[in-house]
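Please read it alongside the sequence and the 3D view shown here.

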Amino acid sequence: MIILFLFFQVDSLSLSQAIDCALAGSPVYNESRASLSLVRIQFYKSLSNLLPTITTRARYTKSTFQGFDTDSYTGSINLTVPIFDIDVIGSIILSKEQLSSSEINYKTEIARLILNLKTAYYKLVNTREFLKASEITIKHARENLKLIKTKYSIGSASRLEKLQAEVFYLRALENKANAITRRVNAREELKSLLGVEHNIYATDSLVMPDRIDLPDLDSILTIIDRVNLDIQSAHKLAGIARTGLVLSYLAFLPKVSFFYGYNTTADSLIFDFQYYRDNHTTDYGINISPPLFEIKTIIFNWLTAKKEYHIKQFTERRVELETKKALRTSYYTLKGAIDKLHYARRAFEAANEAATIAREQFRLGAVSLLDLLQSEEELYDAKLSFNTALENYYLQKANFSYLAGEFVLKKE
């Protein structure tokens, strides 16, 4: 399906197909994946600092002393292996933790992409229902207007009734225009998320669920620290800051490395490897570099790391409180959306029955045109309210699933 979408530009998509396509070609997804790969490269780069460092040097020197010129050629190869270097060790540890943090951010971006995609898709589906309801209302309004014009021409209907029928018909056209505008906005948002230029047509429908069961809120709150991606990201950033603080303490320790050097000197440029093997010097040993002249920098780095850790602790706590607040709000908003959905469905069923009765009674002359138009308008409003409540239920469910993380997603 993804291949067909990319190469043949299939316009009609279900929600699951739209998610698959977004995870294949969405700019948001590709950007997140490239960012994660970049951080992974930085981690591998830090690991490469453990490998021996080899430096080579070739030098030609011409000296003049009391009118005599002397030429010398010097070459050297030096190898250095870090034994204990807090800069190298610290960069590896921090890069590893940053990679872990980036993986969480990557999951967060994907979860937000899916949430935004569901939101746009549900709105696009609902605009289709709005257009259907508008078309039905326009059809009834056109029939009523035609009937009233006929009655008006023979004198059995007043001008007021004719004007009321025209107003109802124009209002139905206005509602259709509003529904078209909403469809354009939802479709453009969906196109942007999928990274396509052609229009997308939703094939799924928002159906009334047979049964709605919500998980226990307290059970989610007890594990929210482990399943919510925003909290996980805040925990990881605080952990990185804590690691940075520990490394700032260790920066006071000396750096230890092993070195090995191969040096040779000649009076002329000789291409004889045996000569260089016979006339060379080697040196090796342990190099210890205490940071005596870097104390000021190390102290300020320690103070900065300490303050950054405190800031990340406050941020971590703030994110926890805000996320739990958002989860509680989303939970009770979802419960309210479920109640409104049931009420809206019963109101729509009642309005539909009332409109059917009003049409029959109007044909029999038992009710006035005003009563008929009022029942038609109430039916349209009830239909819109039901569709809006159904859309809001799906939107709130998607938002709650995002906040609750894997706990709800696995159940779904």
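A residue is called buried under 20% relative accessible area, exposed over 50% and partly exposed in between, with a 1.4 Å probe and protein chains only. The model is predicted, so that local features need pLDDT of at least 70 and side-chain atom pairs count only at pLDDT 80 or more, while totals for chains, interfaces and linings use all residues. Residues are numbered from 1 along each chain as its sequence is written, and side-chain values use heavy atoms, leaving out hydrogens and water.

Rings of Phe, Tyr and Trp (its six-membered ring) pair if their centres lie within 6.5 Å, and the pair is stacked with planes under 30 degrees apart, edge-to-face over 60 and tilted for the rest. Across the whole structure, a search finds 9 aromatic pairs. One of them joins Phe43 and Tyr44 in a tilted arrangement, with 5.8 Å between centres and 45 degrees between planes. Phe43 counts as buried because its relative accessibility is 11%. For Tyr331 and Tyr332, the ring centres are 5.4 Å apart and the planes stand at 90 degrees, so this pair is edge-to-face. Tyr331, at 9% relative accessibility, is likewise counted as buried. Tyr122, Tyr393 and Tyr394 make up one aromatic cluster.

A charge sits over a ring if NZ of Lys or CZ of Arg is within 6 Å of the ring centre and within 35 degrees of the ring normal.

| Charged residue | Ring | Distance to ring centre |
|---|---|---|
| Lys162 | Tyr152 | 5.8 Å |
| Arg187 | Tyr201 | 4.5 Å |

Leu303, with a relative accessible area of 39%, is partly exposed.
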